Amino acid sequence: MVLASQAQHGMWITEMMHGGGTAYHMPFAMWFDGPLDRGAMLKACESVLARHPVLGCAFEDRDGELHLVPAADRPPIGFVRAADVDGLVREEIARPFDLGRGPLARFTLAEVGPSRHLLLFVGHHLVFDGMSKDLLVRDLAAAYSGGPLPPLPMPYGSAAAIPPEAAAYWHEHWRDRPSVVIDGVAGTARTAGRGETVLLDLTDEMSGWEGVGVTRFELFLAAVHALLFRYGNAEPAVAVAMSTRRPETREHIGLFATELPLYSAPTPDTTLAELAHDLRARLRDLNRFRDIPAARAAGGIRPRPALAPVSISFRRRAADVVFPGLGLVAEWKMSNHMVRNVLHLQAVDGDDGLRLTLHHSPEVIGREHVERAGEHLRAVLAADPGLRLADLPLPPSIPGAAPTPASAPEAPVPVEAPVAGVADGELVEQVRQIWMEVLRIEELAPDEDLYDLGGHSLTITQISARIRKRLGVEVPFDVFLDDPTVAGVAAAVSELRA
């Protein structure tokens, strides 16, 4: 049993409060052509599970602290002969995970034909990230080839305090930007929902920036910010996936990534190159705090599926590995059929070029707008880096220099509070005392909002743990979304006792 990381805790409570469906499911398909040795492949899967114990874990809240504990069962490794491969993949992606019981990973080896097999891995994001795909393929190949695969220790287990400089950084930089305008459509993502995808090959467009002095990721990020600005977003907000791996964890499968919002404030006269260098500096600044979840450091941010309406995952894929006698085609960008915000751009940069998947919610923004946004992004990437943003070669229907003022207030997301009973004065006081202990404040009113007081995901689990211990009631986490006040939580406790 070890302590979960702060990133795991934030993801765990987000799913517990919002119900993520398949939003945090990470499918990964490997197609093999040739005379596959079924026994050796199934044994290789066992070796990977033995090497990476995090795949056999579940999560348990103990007195307000989240721990990784052994799952009730070992991760399953199945073999099937598949007549309907697409149906099998859909079913395995949709099959739920029980975070409290586990396991949070599974393998399915499907025989599609005499010399064609599919190995499908589905893991929960709590124990798997983008770079883990490279490690999974590498370790499977080593084990399938008969090489040694020594086990690794559990990589978590240390509680991290919030450094004062991180809290100061996020108090200064945090901006709540739930809405975004894309191709003339304003969208707000309130919860994770059904997702669809648009695929693009941007290999050719990524070849004209060599002399600008930024990385391929930084130029891609600048192009996205530039396009959002031209769409009328005065202060573009993009959540960026950042690795938190260290030398001691670079070989580990697991969650070693975080998502942090990155803002820019360009003008119509800003050039693409200037924007790229500005974002490069902002990234360097942000990188100092990549281990610290923004919501916890800033405080007062309600747990939500996404910190920004647009997000980017940009990953450099490792070199291909060899399975003796087999050809391998891996699906590096598989969709879990859900999206946590308005638009997520998933880019995989490999030796064969840059492939981009645009994940979007059709209930928020239609496919035709996403397809046009993809072509607009292509045009920005192909443009001269010295161009002003106002002069980018985009259709005239897109505004060039009239963004929405950065100071315009964002419309709050309405939350329908349930009809609740009224707790007696003694119970309200008991709950109030617990809040004051956890928040470390000497006085608060029963109607004060938890998030206005600086509450965050850890605060919620600590309050819940003390209520469970002292009052004998398990308060559902969604109560802290519906009515995050002492009076509201006390009313929920009263109803649960009835």
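Analyst: Happy to. Setting aside neighbours within four places in sequence, Arg-51 is in contact with Arg-138, Asp-139, Leu-149, Pro-150, Pro-151, Leu-152 and Glu-251, where contact means heavy atoms within 4.5 Å. This is a predicted model: local features need pLDDT of at least 70, side-chain atom pairs count only at pLDDT 80 or more, and totals for chains, interfaces and linings use all residues. Residues are numbered from 1 along each chain as its sequence is written, and side-chain values use heavy atoms, with hydrogens and water left out.

User: Where is Arg-51, and why is Arg-51 called buried?

Analyst: Arg-51 sits in helix α2. Helices (H or I, at least four residues) and strands (E, at least two) are DSSP runs, numbered from the N terminus. Buried means under 20% relative accessible area, exposed over 50%, and partly exposed in between (1.4 Å probe, protein chains only). The relative accessible area of Arg-51 is 9%, so Arg-51 is buried.

User: What makes the pair Arg-51 and Asp-139 a polar contact?

Analyst: A polar contact is a pair of N or O atoms within 3.5 Å; within protein, one must be able to donate a hydrogen and the other to accept it, and residues adjacent in sequence count only if both atoms are side-chain atoms. The side chains of Arg-51 and Asp-139 are joined at 3.1 Å, and this is a polar contact.

User: Which residues of α2 are buried, and how do you know that they line one face?

Analyst: The buried residues in α2 are Met-41, Ala-44, Cys-45, Val-48, Leu-49 and Arg-51. Viewed down the axis of α2, the buried residues fall within an arc of 165 degrees, so they line one face of the helix. That arc is taken from the directions from the helix axis to the C-beta atoms. Their cover includes β2 (25-33), β5, β6, β7 (116-124) and α4 (130-144).

User: What caps the N-terminal end of α2?

Analyst: Asp-37 does, with a side-chain oxygen 3.2 Å from the backbone nitrogen of Gly-39.

User: Why is the pair Glu-46 and Arg-74 called a salt bridge?

Analyst: A salt bridge is a side-chain nitrogen of Lys or Arg within 4 Å of a carboxyl oxygen of Asp or Glu. The side chains of Glu-46 and Arg-74 meet at 2.9 Å, N to O, which makes a salt bridge. Glu-46 lies in helix α2 (residues 38-51) and Arg-74 in the loop between β4 (65-70) and β5 (77-81), so the pair ties together parts that are 28 residues apart in sequence. Glu-46, at 37% relative accessible area, is partly exposed, whereas Arg-74, at 52%, is exposed.

User: How many salt bridges are there by this rule?

Analyst: The count comes to 42 salt bridges. Among them is the pair Arg-302 and Asp-449, at 3.1 Å, N to O. Arg-302 lies in the loop between α8 (294-298) and β14 (310-316) and Asp-449 in the loop between α10 (425-439) and α11 (457-471), so the pair ties together parts that are 147 residues apart in sequence. Arg-302 is partly exposed at 28% relative accessibility, while Asp-449, at 16%, is buried. Another salt bridge joins Asp-391 and Arg-388, at 2.9 Å, N to O. Salt bridges that share partners also join Arg-51, Arg-138, Asp-139 and Glu-251 into one network.

User: What makes Arg-296 a buried residue with no salt bridge?

Analyst: Arg-296, in helix α8, is buried, and the nearest side chain of opposite charge, Glu-65, is 9.5 Å away. For charge, Lys and Arg count as positive and Asp and Glu as negative; His and the chain ends are not counted. The Arg-296 side chain does make polar contacts with the side chains of Gln-6 (3.2 Å) and His-9 (3.0 Å).

User: Is Asp-183 buried or exposed, and what is its phi?

Analyst: Asp-183 is buried, with a relative accessible area of 13%. Its phi is positive, about 50 degrees, although Asp-183 is not a glycine.
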